[in-house]
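Please find below a colleague's note on the chain under review. The points are numbered so that each may be taken up separately.

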Amino acid sequence: VIAKSPFTIRKEYKKRRFLDPARKLLDGQTAWDREYGIQKILADKGLAPKVKRKGERFIEMERVYGKTIDSKMKDGMASDRTQRKYGKKLAREVKRMHDAGVSHNDLHGENVMVGPFGGIKVIDYGWASSKDRPLTMRERRKDYDRVLSRHKGKKYKAFRDSFEKSYYDY
């Protein structure tokens, strides 16, 4: 048996606790409860398909086919035209989500899916929060800045420009 340092044990415990969706969050909810609640709010406003609760640990949701937006645009494989299209569609989805009073709080390329026909879906609402009103500009800025900060460099310029312009056009 190899002895582990207290630091290693603490690090492994934190990692395990962080990944467990059944653990209680600060507000007493589990990550599953939060995800279900946000999905239900979006479904009620027509922004997501209906969700069903199956028991304590299962949520039935829509299956999203496709690839993440990061994998679609990696290594500069996407043309400027395609990047502009993705930026515009993502801006529309994020704007609709914010107008519904939902802030994703974990919006990055791995949480945005591009379907087989080019449609954009935002996924993983585990860290999302909601309000009973559309979000203020300050609240919207968090998701907006996260998208732009994750897509830096020349190869994402068309995507960033299109996202910035389109977000305020809608």
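1. In soluble globular proteins, nonpolar side chains tend to be buried together.

2. On the basis of the note: this is a predicted model, in which local features need pLDDT of at least 70 and side-chain atom pairs count only at pLDDT 80 or more, while totals for chains, interfaces and linings use all residues. Residues are numbered from 1 along each chain as its sequence is written, and side-chain values use heavy atoms, with hydrogens and water left out.

3. The chain contains six helices and seven strands, in the order α-α-β-β-β-α-α-β-β-β-β-α-α along the sequence. Helices (H or I, at least four residues) and strands (E, at least two) are DSSP runs, numbered from the N terminus. Of the 170 residues in the chain, 37% are buried; buried means under 20% relative accessible area, exposed over 50%, and partly exposed in between (1.4 Å probe, protein chains only). Among contacts in the chain with a separation of 6 or more, 63% are between residues 24 or more positions apart, where contact means heavy atoms within 4.5 Å.

4. Leu90 lies in helix H4 and counts as buried, at 2% relative accessibility. Leaving aside neighbours within four places in sequence, Leu90 is in contact with Val112, Ile120, Val122, Val147, Phe159 and Phe163. The C-alpha atoms of Leu90 and Val147 are separated by 9.5 Å, with the two residues 57 apart along the chain.

5. How do H4 and H5 pack? Their axes come within 10 Å and cross at roughly 160°; axes are lines fitted to C-alpha atoms, for helices over the stretch in contact, and angles run from 0 to 180 degrees between N-to-C directions. H4 and H5 are therefore roughly antiparallel to each other (angles under 35 degrees count as roughly parallel, over 145 as roughly antiparallel, 65 to 115 as roughly perpendicular and the rest as oblique). The contact is made by Leu90, Lys95, Met97, His98 and Asp99 of H4 with Arg140, Asp143 and Val147 of H5. H4 passes H5 in a right-handed crossing; a crossing is right-handed if the near helix is turned clockwise from the far one by less than a right angle, and left-handed if anticlockwise.

6. For H5 and H6, the axes come within 11 Å and cross at roughly 160°. That makes H5 roughly antiparallel to H6, and H5 passes H6 in a right-handed crossing. Met137, Arg140, Arg141, Tyr144, Val147 and Leu148 in H5 meet Phe159, Arg160, Phe163, Glu164, Tyr167 and Tyr168 in H6.

7. H4 and H6 pack at an angle of about 35°, with their axes 7 Å apart, and their crossing is right-handed. Residues of H4 that take part include Gln83, Tyr86, Leu90 and Val94, and those of H6 include Phe159, Phe163 and Tyr167.

8. Gln83 lies in helix H4 (residues 80-99) and is buried, with a relative accessible area of 1%. The side chain of Gln83 reaches the backbone nitrogen of Phe159 at 3.3 Å, where a polar contact is a pair of N or O atoms within 3.5 Å; within protein, one must be able to donate a hydrogen and the other to accept it, and residues adjacent in sequence count only if both atoms are side-chain atoms. Not counting residues up to four places away in sequence, Gln83 touches Met73, Ala78, Lys155, Tyr156, Lys157, Ala158 and Phe159.

9. Lys72, in helix H3, is partly exposed, with a relative accessible area of 31%. The C-alpha atoms of Lys72 and Gln83, 11 residues apart along the chain, are separated by 9.5 Å.

10. Asn105 lies in the loop between strand S4 (102-103) and S5. Phi of Asn105 is near 70°, a positive value in a residue other than glycine. Most residues other than glycine have a negative phi.
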